[in-house]
Amino acid sequence: MDMLKPDVILGSILYAVIGVVVLWVSFVVIDKLTPYKLWDEIVEHKNVALAIVVGAMFIAIGQIVAAAIHG
């Protein structure tokens, strides 16, 4: 029943928000480092290979954030 305490729930929500912010900031930074806009390239030009790479990047950053929260 430790998981139902308000401080545990609030901490989980806070870490989730921090994880989403870190993911978004990392996408913006990588988007600025590339010579083209990632979102336009994926959506308008239907670049599936780039979408897979960005998806892999999201999974990797998500694992890093989860390890940082858990560890």
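Trainee: What is Phe27 in contact with, leaving aside neighbours within four places in sequence?
Mentor: Phe27 is in contact with Leu38, Trp39, Val54, Met57 and Phe58. Contact means heavy atoms within 4.5 Å.

Trainee: Where do these coordinates come from?
Mentor: This is a predicted model, so local features need pLDDT of at least 70 and side-chain atom pairs count only at pLDDT 80 or more, while totals for chains, interfaces and linings use all residues. Residues are numbered from 1 along each chain as its sequence is written, and side-chain values use heavy atoms, with hydrogens and water left out.

Trainee: Back to Phe27. Which residues make up the largest nonpolar core?
Mentor: Eight residues: Phe27, Leu38, Ile42, Leu50, Val54, Met57, Ile61 and Val65. A nonpolar core is a set of buried Ala, Val, Leu, Ile, Met, Phe, Trp, Tyr and Cys residues joined through side-chain atoms within 4.5 Å. Buried means under 20% relative accessible area, exposed means over 50%, and partly exposed is in between (1.4 Å probe, protein chains only).

Trainee: Which elements give two or more residues to this core?
Mentor: Helix H2 (38-43) and helix H3 (48-70). H3 gives the largest share, five residues.

Trainee: How many helices and strands does the chain have?
Mentor: Three helices and zero strands. Along the sequence the pattern is α-α-α. Helices (H or I, at least four residues) and strands (E, at least two) are DSSP runs, numbered from the N terminus.

Trainee: Let's take Leu50. Is Leu50 buried or exposed?
Mentor: Leu50 counts as buried because its relative accessibility is 10%. Leu50 sits in helix H3.

Trainee: And what does Leu50 touch, not counting residues up to four places away in sequence?
Mentor: Tyr36, Leu38, Glu41 and Ile42.

Trainee: New topic. Where does Lys46 lie?
Mentor: Lys46 is in the loop between H2 and H3. Lys46 counts as exposed because its relative accessibility is 63%.

Trainee: What is phi of Lys46 near?
Mentor: Near 55°, a positive value in a residue other than glycine. Most residues other than glycine have a negative phi.

Trainee: What about Lys32? Buried or exposed?
Mentor: Lys32 is exposed, since its relative accessible area is 65%. Lys32 belongs to helix H1 (residues 6-33). Between the C-alpha atoms of Lys32 and Ile13 there are 29 Å, and the two are 19 residues apart along the chain.

Trainee: And Gly55?
Mentor: Gly55 lies in helix H3. With a relative accessible area of 27%, Gly55 is partly exposed. Pro35 is 20 residues from Gly55 in sequence and 19 Å away in space, C-alpha to C-alpha.

Trainee: Zooming out, what box do the C-alpha atoms of the chain fill?
Mentor: Roughly 50 × 20 × 20 Å, taken along the principal axes. The chain has a radius of gyration of 16 Å, but a compact globule of 71 residues would have one near 11 Å. That radius is taken over C-alpha atoms, and the globule rule is 2.2 Å times the number of residues to the power 0.38.

Trainee: What share of the 71 residues is buried?
Mentor: Buried residues make up 15%.
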